[in-house]
Amino acid sequence: MNSRKTFIQAPKRIGIVGGGASAALFVIECRRRLDPSIELVVFDPTSETGRGRAYAGPDRGDLLNVPAALMSARSDDPQDFVEWLKTQGRSESSFEHWPYVNRAVYGDYIVDRVNSVPFVHIAARVIAVQKENDRFALTLDSQAMERVDALIVATGYRSPDLSRDFAALVPVRDRVMISLDDLSNCQKSDEILIVGTGLTAIDVWRRVRNAGDIQVDFISRRGLFPIAHEDAPVPIQIPKLDTLTPVQILRLVRNLKRETQAGWPSLAIAIRAQVRAIWRAWEPRERRRFFRHLRPYWEVIRHRMPQGIRAELDHDLKSGRVRVMAGRVKFAQRVNGRIQLELGLKNSSEVVAYTCDRIALAVGAPIDEDLDLGGLGNERGLWFIGPPARSTLWEITALPDIREQVRQVVSELANG
Ligand SMILES: Cc1cc2nc3c(=O)[nH]c(=O)nc-3n(C[C@H](O)[C@H](O)[C@H](O)COP(=O)(O)OP(=O)(O)OC[C@H]3O[C@@H](n4cnc5c(N)ncnc54)[C@H](O)[C@@H]3O)c2cc1C
């Protein structure tokens, strides 16, 4: 979706749809590098820019899954977040899980940094965008219209939609939890099935674990959890991968693992540096093949969790306090106040009966589709940043990737 977008006239007013961390990073970068007379306007129904879905309070002890030293909001100062923590009187030793900091604290940091530069926040949802000559006309949910010369779409991920994404769960929808806040409705005696085994699922499990002795099971297509970060990843030299197919890359990486004896985190870091080039080079057929066969394996080495949390999880798996299944929910119904499910397990033609009290959906879904872009895509003056840019960049979820993308977009804006 993002190509080079030169302007006939430099933009005087830039609109940013979505006010999460991606928007905040964009505003901070613009203020550092663009003409200060350019007006920056963020549209988001919430009252402040910066937290978005990931870093909103209250602080419930959820941790960042990326070390603090990589989470700076400034592309020119990698230590900015760590330095900010010091100015708040929070020393490293005051964090039990250092270098992984509480997510809500990170939200405070982003909000503090973005509020230290001038921009306008309009508390409204953008429902439609139209092109008007060289400008963009935005319709807000208040029916007001706003016009901007350049437009940034930073709408993040949407929540999963039950009827579209998990039709089997529709009959028990009142027992399905979609947001972490829904967990407050759980009873201590509840047995919970978490659908998903990625980092969001780990967040859910930690919340439930902290709340008491609730029995938790996980189910996902492969039943694989993210691996733990390494203390000191080793730098690995790898050849250029963008001329290879997914299967050839898999073979090469397996050989490298054998030859170097490196851990998966070190290999993932080395491969990640090339992910965008690989993604651009692959034909749709190769992308589909990657999605179908390799993506789950890539995701578990790519999105890692702090070692301490992985150790807690392994402990609970060993003791039987949590269980994990590979498969999917095929059928669900309410029976005597509980949920009765039929599960299709991987590598088995049998359908297994399973009973629980609540289901937590812990899976992300890309881009807020409530926003009608009226067919706009590759327009001059229009950029997608963060998760909505996934189709072109693929690896654009974690903050360090978004920061790099924002730096590139602002360079394009700066160069006209
Ligand atoms: C729970 C969670 C934990 C995470 N933890 C980490 C981590 O530890 N480290 C890391 O690097 N990354 C983490 N991530 C990845 C995260 O995606 C990025 O770090 C970043 O927060 C993405 O921000 P965003 O602004 O693109 O999206 P979001 O945070 O989703 O924000 C999008 C905003 O757009 C607004 N919006 C949507 N549609 C409209 C519309 N039509 N009009 C107006 N506003 C609209 C929404 O209200 C929302 O505020 C996490 C993600 C999640 C969900």
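Where does E350 lie? E350 sits in the loop between β13 and β14. Helices (H or I, at least four residues) and strands (E, at least two) are DSSP runs, numbered from the N terminus. This is a predicted model: local features need pLDDT of at least 70, side-chain atom pairs count only at pLDDT 80 or more, and totals for chains, interfaces and linings use all residues. Residues are numbered from 1 along each chain as its sequence is written.

**The whole chain**

- The protein chain holds twelve helices and 17 strands.
- Its C-alpha trace spans about 65 × 55 × 50 Å along the principal axes.
- The protein chain has a radius of gyration of 22 Å, which agrees with the value near 22 Å for a compact globule of 416 residues.
- That radius is taken over C-alpha atoms, and the globule rule is 2.2 Å times the number of residues to the power 0.38.
- Buried residues make up 33% of the 416 residues.
- A residue is buried if 20 or more other C-beta atoms lie within 10 Å of its own, exposed if 12 or fewer, and partly exposed in between; C-beta atoms are placed from the backbone.
- Take the contacts between residues at least 6 apart in sequence: 75% of them join residues at least 24 apart.
- Two residues are in contact if their C-beta atoms, placed from the backbone, lie within 7 Å.

**Domains**

- The domain assignment gives domain 1 (13–159 + 365–414), domain 2 (162–226 + 305–361) and domain 3 (246–302).
- These bounds come from an automatic or database domain assignment.
- The C-alpha centres of domain 1 and domain 3 are 28 Å apart.

**Around the ligand**

- The ligand has 34 residues around it, and G18, G20, G52, G156 and G386 come nearest.
- A residue is near a molecule or strand if its C-beta atom, placed from the backbone, lies within 6 Å of it.
- Three helices, α1 (21–33), α5 (199–211) and α12 (399–414), each supply at least two residues of this shell.
- Helix α1 gives the most, with three residues.
- By class, the shell has 16 nonpolar, twelve polar and six charged residues.
- Ala, Val, Leu, Ile, Met, Phe, Trp, Tyr, Cys and Pro count as nonpolar, Asp, Glu, Lys and Arg as charged, and the others, Gly among them, as polar.

**Helix α2**

- Helix α2 covers residues 80–87, and F81, W84 and L85 in it are buried.
- These three cover an arc of only 105° around the axis, which puts them on the same side of α2.
- The arc is that of the directions from the helix axis to the C-beta atoms.
- The exposed residues E83, K86 and T87 are on the face turned away from the buried side of α2.
- Helix α3 (103–115) is included in what covers the buried residues of α2.
- G89 follows α2, and its phi is positive, near 75°.

**Loops with a positive phi**

- Most residues other than glycine have a negative phi.
- Q143 is not a glycine, yet its phi is positive, near 75°.
- The place of Q143 is in the loop between β5 (135–140) and β6 (145–148).
- Q143 is exposed, with 8 other C-beta atoms within 10 Å.
- N347 is not a glycine either, and it has a positive phi of about 60°.
- N347 lies in the loop between β13 (338–345) and β14 (351–356).
- N347 counts as exposed, with 6 C-beta neighbours inside 10 Å.

- E350 is in the loop between β13 and β14, and E350 is exposed, with 7 other C-beta atoms within 10 Å.
- E350 and A21 are 329 residues apart in sequence and 44 Å apart in space, C-alpha to C-alpha.
- D316 lies in helix α10 (residues 307–319).
- D316 counts as partly exposed, with 15 C-beta neighbours inside 10 Å.
- D316 is in contact with R321 and V322, leaving aside its neighbours within four places in sequence.
- D316 and R209 are 107 residues apart along the chain, and their C-alpha atoms are separated by 9.8 Å.
- R288 lies in helix α9 (residues 284–302), and R288 counts as exposed, with 12 C-beta neighbours inside 10 Å.
- R288 and V153 are 135 residues apart in sequence and 25 Å apart in space, C-alpha to C-alpha.
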